[in-house]
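Please find below my notes on the model you sent. They are set out as numbered points.

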Amino acid sequence: MYKNLRLADNEVAQALDLEIQRQRHHLELIASENYASVAVMQAMGSHFTNKYAEGYPGRRYYGGCMHVDTLEDIARNRAKELFGAEHANVQPHSGAQANMSIYLAMLKPRDVVMGLDLAHGGHLTHGHPLNSSGLLYDFKGYQVKKDTERLDMDEVRAKAKEINPKMIVVGASAYPRIFDFKAFRDICDEVDALMMVDMAHIAGLVATGHHPSPVPFADFVTTTTHKTLRGPRGGLVLCKEKYAKEIDRAVFPGIQGGPLMHVIAAKAVSFGEALKPDFKAYQDQVIRNATALANSLQEKGWRIVSGGTDNHLLLVDVFANGMLGSEAEKALDKAGITVNKNGIPFDPNPPLKPSGIRLGSPAVTTRGLKEPEMKQVGTWIDEALRNRTDEAVLDKIYKEVEQLTEKYPIPE
Ligand SMILES: *Cc1c(COP(=O)(O)O)cnc(C)c1O
C-alpha cells in the first residue's frame with residue numbers, strides 16, 4: 001500500500017514500517033483504539049485531501065466542490081441512517097471538536113454544566129480544568145456510587161436538582177456499564193436542562209443495537225469515528241433537526257475552517273461498513289471478548305471495577321493486588337501487551353500513578369481473536385503482572401504473544 005512513499009521519503013517510511021511492525025506484533029488492548037480497514041485507509045490517503053470546501057454541500061466558499069458535495073451528502077446520509085438521526089454533521093476533525101461545537105452553539109461562558117467526573121470515567125472535554133470546556137464553562141461532576149461503582153440515577157437526579165445545570169453531558173471514556181439514557185432524559189426534563197450524549201467509546205455498539213441508542217432521547221449526540229466505530233480518526237455530531245443550523249454554524253465557521261474531505265471520505269466508507277451485517281457480528285464478538293477477558297482475570301483473583309463489563313472495556317483494580325497501574329502498564333508493554341493505566345472510582349492514588357488499568361476488546365476482535373484466545377490473553381496478563389520484575393518471564397510471554405499475533409493479521 002505504501003510503495004511510493006517508500007521511494008519518496010525513506011525517513012518517514014522507516015518510521016511507518018516500524019509502526020506497522022509494532023501493530024502486527026503487539027496485542028492492542030487500548031479500549032479507544034481499533035484497526036481501520038484498508039478501504040478506509042485508502043479513502044483517507046486519497047485526492048480528496050487536495051480540496052478546500054469551507055461551508056456545506058450546496059453552500060461552499062470555493063469553486064469545484066461538485067464532487068465533494070456528493071461525497072459529504074453520502075457521509076451525512078449514511079450517518080443518519082446508521083443512527084436513526086435527524087441531522088448529521090460529519091466535519092468535526094475530532095471527538096474533542098465535536099463536543100466543543102455543541103458547547104459553543106448552546107452555552108455562554110460560565111454556564112453551569114454537569115458531566116461525569118473525570119476520575120469516575122468522564123473525558124477531558126467534560127470539564128478538565130486545562131481543557132477549553134473547563135476553562136470556559138462551570139462544569140460540576142456527578143459520580144458513580146461507591147459500593148456498586150455504577151451510576152445511580154437517584155444520585156444523579158439529586159445532584160442535578162442541587163446544581164440546576166443548563167446542560168447535562170452523558171458519556172465516558174472508562175465506564176464499563178450501560179447508560180440509562182431515558183433516565184437522563186427524564187432528569188433533564190425535570191431540571192430543564194439540555195441533554196448531550198458523548199458516545200465516543202460506544203458508537204459502534206450503539207450502531208448495531210449492542211448498547212441502547214441515545215439518539216431518541218438526547219438533544220445532541222457526539223462521537224469519535226475511530227473507536228468501536230472503526231473508521232478514520234475524526235468526529236461526528238448528530239442532532240435534532242431544530243438544532244441543525246446552530247450546530248452547523250458552530251462547527252464551521254465557529255471552531256473550524258475547511259473540512260478534511262479525505263477524512264470525510266473515509267468516514268463515509270466506515271459508515272457503509274457499519275451498515276453491513278458483518279459489523280453486527282463484529283460488535284457481538286467485541287462484547288463476548290471483553291466479557292471473556294474479564295472472567296479470565298476475575299478467576300485468577302483480579303478485581304474488576306463494578307464486577308465486570310456490559311460493553312467493550314473493563315477496568316482492573318491492580319492496586320488491590322499490590323501494584324500501581326503505571327507499573328502494570330510498563331510490565332505488560334514488555335510482554336507485548338499494550339494497555340493504559342487508568343484511575344478507578346474513588347482512587348486513593350494520583351492520576352499518573354493510578355490504581356487501575358483499562359483494557360478493551362475492539363482492536364483484537366478486528367484481528368479475529370475469540371473467547372479462547374481472550375482467555376489466553378487473561379492468563380498472560382496475570383502471569384506478566386505477577387512476575388512484573390522478572391525480565392525472563394516477560395520475554396517468554398512476549399514471544400508467545402508474537403506467535404499468536406502472526407495468526408491474526410491486521411488490515412494492510
Ligand atoms: C476519545 C473521546 C473523546 C475525544 O476524542 P478525540 O478524537 O481524541 O478528540 C471525547 N469524548 C470521549 C468520551 C472520548 O472517549
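Predicted model: local features only at pLDDT ≥ 70, side-chain atom pairs only at ≥ 80, totals over all residues.

1. Local features are reported where pLDDT is at least 70, and side-chain atom pairs where pLDDT is 80 or more.

2. The ligand is surrounded by 14 residues, and the closest of them are Gly95, Ala96, Ser173, Asp198 and Lys227. By class, this shell holds nine polar, three nonpolar and two charged residues. Helix H5, residues 95-106, makes the greatest contribution to the shell, with three residues.

3. From Asp198, a polar side-chain atom is 2.5 Å from a ligand nitrogen. From Ser173, a polar side-chain atom is 2.9 Å from a ligand oxygen. For Ser94, an N or O atom of the side chain is 3.5 Å from an oxygen atom of the ligand. The protein buries 84% of the 380 Å² that the ligand exposes when taken alone.

4. Helix H10 runs over residues 244-255, twelve in number. From first C-alpha to last it reaches 16 Å, close to the 16 Å expected at 1.5 Å a residue. Its buried residues are Ala244, Ile247, Asp248, Ala250, Val251 and Phe252. Viewed down the axis of H10, these buried residues fall within an arc of 155°, so they line one face of the helix. Lys245, Arg249 and Pro253, on the other side of H10, are exposed.

5. Asp248 deserves a separate entry. This residue of helix H10 has a relative accessible area of 8%; it counts as buried because that value is under the 20% cut-off. Between Asp248 and Ser101 there are 8.4 Å in space, C-alpha to C-alpha, and 147 residues in sequence.

6. Which kind of peptide bond joins Phe252 and Pro253? The bond is cis, with omega at about 5°. Pro253 is placed in helix H10.

7. Two residues have phi values to check. Most residues other than glycine have a negative phi, and most peptide bonds are trans. Arg110, not a glycine, has a positive phi of about 75°. Arg110 sits in the loop between H5 and strand E5 (112-116), and it is exposed at a relative accessible area of 68%. Asp192 also has a positive phi, near 60°. The loop that holds Asp192 lies between helix H8 (181-191) and strand E8 (194-198). Asp192 counts as exposed, with 69% relative accessibility.

Definitions and conventions:
Residues numbered from 1 in each chain as written. Heavy atoms only, no water. Near = heavy atom within 4 Å. Polar contact = N/O pair within 3.5 Å; in protein donor to acceptor, adjacent residues only side chain to side chain. Areas by Shrake-Rupley, 256 points an atom, 1.4 Å probe, with all protein chains shown as cover. Helix = DSSP H or I, 4+ residues; strand = E, 2+ residues; numbered from the N terminus. Nonpolar A, V, L, I, M, F, W, Y, C, P; charged D, E, K, R; others polar. Expected span 1.5 Å × (residues − 1). Buried < 20%, exposed > 50% of the residue type's maximum accessible area, 1.4 Å probe, protein only. Arc of directions from axis to C-beta.
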